[in-house]
Amino acid sequence: MKLAKYVKFREEKFGGVLFETRSEKVFTLNPTATAVVREIQAGSDERDIPGRLKERFRDESGAIEREAQAFIAELRQKGLVED
Amino acid sequence: MSIPPTTPAATGSGDLSAPLYMAWQVTNECNLACLHCIEESGPGKAFRDELDDGQVFAVLEQAMDLEVPYLSFSGGEPMVHRRFFDMVAYVCGRNGQLKIETNGHYLDPENCARLKDLGVKAVQVSLDGATRETFNRMRVRGDFDKAVQGVRNLRAAGVPIEINYSPTSFNAHEIGTAVDLAADLGADSFYTGRTMYTGNAVKTWHRMAPTEAQYETYFQILHRKTEEYRGRMRVHFHEMGLLEELRYRLHHPAALLIVLPNGLVKLINALPFVCGDLRRQTLAEIWGRFQRAWQDPRVGKFVDDLATDPRKTATLHQWVYL
């Protein structure tokens with residue numbers, strides 16, 4: 001999985017922004033979403049990302065893992081990532 | 001987690017480390033002399049102090065270093081700039097997304113193939129008319145057939161196409177046909193809005209300005225066309241009047257910079273205010289000033305004055321340095 005051809009990512013103090021330049025849509029990302037995109041850019045396997053974030057953020061509740069899974073699904077649904 | 005989309009124009013600039021979009025008018029020189037041109041471009045109209053090659057590439061380098069994700073080159077006619085293809089190659093080579101805004105007269109098969117090879121995001125062509133008669137009346141020295149052929153050449157080369165349309169009293173009735181033509185030519189997007197009273201339009205307004213009744217019909221047709229082409233071609237249009245737009249911008253400055261051919265940076269095209277000079281300041285410094293510049297009381301006053309004197313937009317080229 002990688003960012004789609006027309007999607008640009010930039011890290012910001014608050015997290016990051018995804019910019020889909022074909023439709024000229026901008027998505028503002030919180031730190032968890034930013035961490036997901038960073039993993040995608042690094043080439044991590046999609047199935048491993050939620051678990052890695054859970055570990056990194058030391059999230060006992062599993063909330064971040066669920067958040068990451070939902071975010072990846074949303075990236076797919078919006079066409080912001082491709083295989 | 002939900003990530004509602006917005007646009008560069010609707011994205012607040014306050015928290016961002018750099019602009020999301022840099023709209024660069026690379027030269028004021030143009031092969032045409034269009035009735036409505038907001039930049040008063042035309043043959044022999046290049047600014048005497050346009051950025052030299054070293055300055056141009058220094059600005060591009062800064063933009064890429066700051067990870068400005070999206071740039072556009074316009075003019076004037078950007079394709080007459082002596083280093084046009086080198087500039088395109090630099091931005092695309094550093095993975096920037098680049099849109100070219102052109103009148104389409106230099107889009108021969110060879111140039112289209114080069115644009116494709118270099119990887120531009122899209123080329124936007126101005127087609128202000130669905131017929132030779134209206135287009136050529138609007139685009140003085142222009143040739144409808146040449147512009148249409150240019151779009152066909154883009155299509156053949158596989159370059160994504162956008163069409164831009166400026167309404168006037170004599171072409172507004174063709175909007176439906178123009179949207180259909182854009183779709184037939186293979187455009188991905190169609191853009192239009194209200195024509196602004198500035199630049200050449202100040203001199204030609206009496207024979208060019210659409211009436212409010214024309215605008216009403218114009219936007220009704222565009223609403224219908226938006227639905228008709230949904231999923232095939234995006235139809236974007238701004239019904240909002242300039243005053244309304246500027247009042248919104250005062251509180252929500254867009255995350256974009258307008259760069260003039262001489263390196264001056266404007267707050268927005270529809271205001272005369274300059275917040276930086278790329279010949280003397282870095283892009284990062286200017287971005288740092290941008291948000292504060294919008295708060296300057298002169299900006300708010302200018303917008304307030306527009307409510308009683310809409311023709312103040314005639315002075316947009318009398319730059320005010322903040």
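In what order do the three strands of the open sheet in chain A stand, and is their pairing parallel or antiparallel? In this predicted model, the order is β2-β3-β4, and the pairing is antiparallel. The edges of the sheet are formed by β2 (7-12) and β4 (25-29) of chain A, and because each of these has a single partner strand, one side of each is left without a neighbour in the sheet. Direction ignored, neighbouring strands of this sheet are turned against each other by 15 degrees on average.

Between β2(A) and strand β3 of chain A, which covers residues 15-20, the antiparallel pairing runs over six bridges, and E12(A) has G15(A) in β3(A) as its bridge partner. Helix α1 of chain A, residues 31-42, packs on the sheet and touches β2, β3 and β4 of chain A, with its direction making about 60 degrees with that of β3(A).

The helix α1(A) also meets helix α3 of chain A, residues 63-77: the two axes come within 10 Å and cross at roughly 60 degrees, in a crossing that is right-handed. On the side of α1(A), the contact is made by T32(A), A33(A) and V36(A), while α3(A) contributes I64(A), E67(A), A68(A), F71(A) and I72(A).

Beyond the fold of chain A lies the matter of its partner. Chain B has 16 residues in contact with 19 residues of chain A, and on the side of chain B that touches chain A these residues divide into eight nonpolar, five polar and three charged.

How values were computed. Residues are numbered from 1 along each chain as its sequence is written. Chains are lettered from A and ligands numbered from 1 in the order in which they are written. This is a predicted model: local features need pLDDT of at least 70, side-chain atom pairs count only at pLDDT 80 or more; totals for chains, interfaces and linings use all residues. Two residues are in contact if their C-beta atoms, placed from the backbone, lie within 7 Å. Ala, Val, Leu, Ile, Met, Phe, Trp, Tyr, Cys and Pro count as nonpolar, Asp, Glu, Lys and Arg as charged, and the others, Gly among them, as polar. Two strands pair if DSSP finds at least two bridges between them. Helices (H or I, at least four residues) and strands (E, at least two) are DSSP runs, numbered from the N terminus. Axes are lines fitted to C-alpha atoms, for helices over the stretch in contact, and angles run from 0 to 180 degrees between N-to-C directions. A crossing is left-handed if the near helix is turned anticlockwise from the far one by less than a right angle, and right-handed if clockwise.
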